[in-house]
Amino acid sequence: MRGFIILLLIASGCALHVPPTLQAPPHSFVVSTGGVNRSAIFLHRVEGGIVLIELGWWGAEEALAEGLKQLGARTDDVIAVFLTHSHRDHIGAWRSVRHAPFYLATAEEELLFGREAHGGWLPSLAEKIRGSDRPAPEEVQVHAFSSDTVFAFGRDTLRAFLVPGHTEGSTAYLFRGTLFAGDAIAKTWISGFRPALGRFSVDASQARRSLESLRERIAPFEVSLVCTSHLECSAATDEFWADVLGN
Ligand SMILES: [Zn+2]
């Protein structure tokens, strides 16, 4: 099984086309974890340590260790973890970094702990077949926010934007010109970039409205790149947004 996971990691790693701004040690690095759909962990060096966005899925702890090595850092150097949401394929490495504060939307908190069930027919079916490994409330320190919030790390600013619909507490993060959209934006082979897909989401029409609003809320800021959790990235052009929103 372990060999199989490593093979998967190698296979998914080979297919990676990560934008150079995100793969720039010692400042930033991206690792891809395995599973049905590759899930990224985005690592960023800031003043005082390493900030993570997303925690991946299968093999996440090994992948994170590799990413930290690329930045010349250790697990203890992680000073903050930002979750876009708490589906199983986004929280894989939580045990490795439970010393660090976890930031997420208030509406996602009970879902992270498994005290509320995820909606959306595929995630809820997956939980029924096999429950996911989730922290108990006493195992992590959660800092929850219930509106768009700005975090400062030395000279860096990380902006959190609530985009409910994929899950109740889905959040996109803007950091150094890249919008980390989580699963609020999806890419399919057939239709390209789209709002969160209905089969994975609690409320697909809310997900679309959240993106329409997000586009307005990020307008004052420089956004050059958008990446989903599953490492589909695009320049953040008007054409990209027209594609996503179908207008
Ligand atoms: Zn998801």
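Six strands form an open sheet in the order 1-2-3-4-5-6, and the pairing is mixed. Strand 1 (28-33) and strand 6 (142-145) stand at its edges. Each has a single partner strand, so one side of each is left without a neighbour in the sheet. On average, neighbouring strands here are turned by 20° against each other, direction ignored. This is a predicted model.

Strand 1 runs antiparallel to strand 2 (residues 39-46), and 6 bridges join the two. Which residue of strand 2 is the bridge partner of Phe29? The partner is Leu43. Strands of a sheet pair through backbone hydrogen bonds, either parallel or antiparallel.

A helix covers this part of the story. Helix 2 (residues 60-70) lies across strand 1, strand 2 and strand 3 (49-53). Helix 2 runs at about 160° to strand 1.

Strand 7 and strand 8 (residues 156-162) run antiparallel, joined by 5 bridges. Within that pair, Val150 has Arg159 in strand 8 as its bridge partner.

| Strand pair | Bridges joining them | A bridge partner pair |
|---|---|---|
| Strand 1 and strand 2 | 6 bridges | Phe29 and Leu43 |
| Strand 7 and strand 8 | 5 bridges | Val150 and Arg159 |

Now step back to the whole chain. The protein has 6 helices and 14 strands. Its radius of gyration is 17 Å, close to the 18 Å that the globule rule gives for 247 residues, so the protein is as compact as a globular protein of that length. Its C-alpha atoms fill a box of roughly 45 × 45 × 35 Å, taken along the principal axes.

How much of the protein counts as buried? The share is 45% of the 247 residues. Contacts tell another part of the story. Take the contacts with a separation of 6 or more: residues 24 or more positions apart account for 61% of them.

Technical notes. Residues are numbered from 1 along each chain as its sequence is written. This is a predicted model: local features need pLDDT of at least 70, side-chain atom pairs count only at pLDDT 80 or more; totals for chains, interfaces and linings use all residues. Two strands pair if DSSP finds at least two bridges between them. Helices (H or I, at least four residues) and strands (E, at least two) are DSSP runs, numbered from the N terminus. The radius of gyration is taken over C-alpha atoms; the globule rule is 2.2 Å times the number of residues to the power 0.38. A residue is buried if 20 or more other C-beta atoms lie within 10 Å of its own, exposed if 12 or fewer, and partly exposed in between; C-beta atoms are placed from the backbone. Two residues are in contact if their C-beta atoms, placed from the backbone, lie within 7 Å. Axes are lines fitted to C-alpha atoms, for helices over the stretch in contact, and angles run from 0 to 180 degrees between N-to-C directions.
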